[in-house]
Amino acid sequence: MRITPALIICIGEAMLKRRVAMRLGSWASHACTIIPGLPQGSALSPVLFNVYTVGITSSQLEGPGRTLSFMDDGLAYRTGKDRQVIASSLQKELDRMGACCEANKGKIHLGKATVLW
């Protein structure tokens, strides 16, 4: 993807180590180092999600429709006049997306998945 090493180092430092302390009123615990990944709401989260899912969105199947990702969601849609053709095309795309997830040790959250006509 031709990413500069400086950017990779910066992202790694943001994800790998952080010093934290708990504070309650005027009391504060001793600071310790944790390795938590990205904090909730980090500006890097959607960027890294798009890098992680580029295999899903960049190699989508041909046809009337697209596969998109935004923040932590994905969308696959198809258009047309024949419901069977639309359903078949979309099923092929979902199968491809699922295979991409499996290859990268991810999974589609079926409890959040929705189909709309």
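Trainee: By about how much of the helix are Arg-96 and Glu-93 separated in helix H4?
Mentor: Bear in mind that this is a predicted model. The side chains of Arg-96 and Glu-93 meet in a salt bridge, with 2.7 Å from N to O, and both residues are buried. Since the two are 3 residues apart in helix H4, the separation between Arg-96 and Glu-93 is about one helical turn.

Trainee: Within what arc do the buried residues of H4 fall, seen down the axis of the helix?
Mentor: The buried residues of H4 are Ile-86, Ser-89, Glu-93, Arg-96, Met-97, Cys-100 and Cys-101. Seen down the axis, they line one face of the helix, because the arc within which they fall is 140°.

Trainee: Which residues are exposed on the other side of H4, and what does the cover of its buried residues include?
Mentor: The cover over the buried residues of H4 includes helix H3 (54-58), strand E5 (65-70) and strand E6 (73-78). On the other side of H4, the exposed residues are Arg-83, Gln-84, Lys-92, Glu-102 and Ala-103.

Trainee: How far apart are the end C-alpha atoms of H4?
Mentor: Helix H4 has 21 residues, which at 1.5 Å a residue should span 30 Å. The computed distance agrees with that expectation, for the end C-alpha atoms are apart by 30 Å.

Trainee: Is Lys-105 buried or exposed, and what is its phi near?
Mentor: Lys-105 lies in the segment after helix H4 (83-103), and its relative accessibility of 80% means that Lys-105 counts as exposed. Most residues other than glycine have a negative phi. In Lys-105, however, phi is positive, with a value near 60°.

Trainee: Which residues make the nonpolar surface patch of about 260 Å²?
Mentor: One of its members, Ile-8, is found in helix H1, which comprises residues 5-16. Taken together, the residues that make this patch of about 260 Å² are Ile-3, Leu-7 and Ile-8.

Terms used: Residues are numbered from 1 along each chain as its sequence is written. This is a predicted model: local features need pLDDT of at least 70, side-chain atom pairs count only at pLDDT 80 or more; totals for chains, interfaces and linings use all residues. Side-chain values use heavy atoms; hydrogens and water are left out. Patches are made of residues with over 30% relative accessible area and no salt bridge: like charges are joined within 9 Å, nonpolar side chains (Val, Leu, Ile, Met, Phe, Trp, Tyr) within 5 Å. Accessible areas come from the Shrake-Rupley method with a 1.4 Å probe; for residues, only the protein chains shown count as cover. A salt bridge is a side-chain nitrogen of Lys or Arg within 4 Å of a carboxyl oxygen of Asp or Glu. Helices (H or I, at least four residues) and strands (E, at least two) are DSSP runs, numbered from the N terminus. Buried means under 20% relative accessible area, exposed over 50%, partly exposed in between (1.4 Å probe, protein chains only). The expected span of a helix is 1.5 Å times one less than its number of residues. The arc is that of the directions from the helix axis to the C-beta atoms. Contact means heavy atoms within 4.5 Å.
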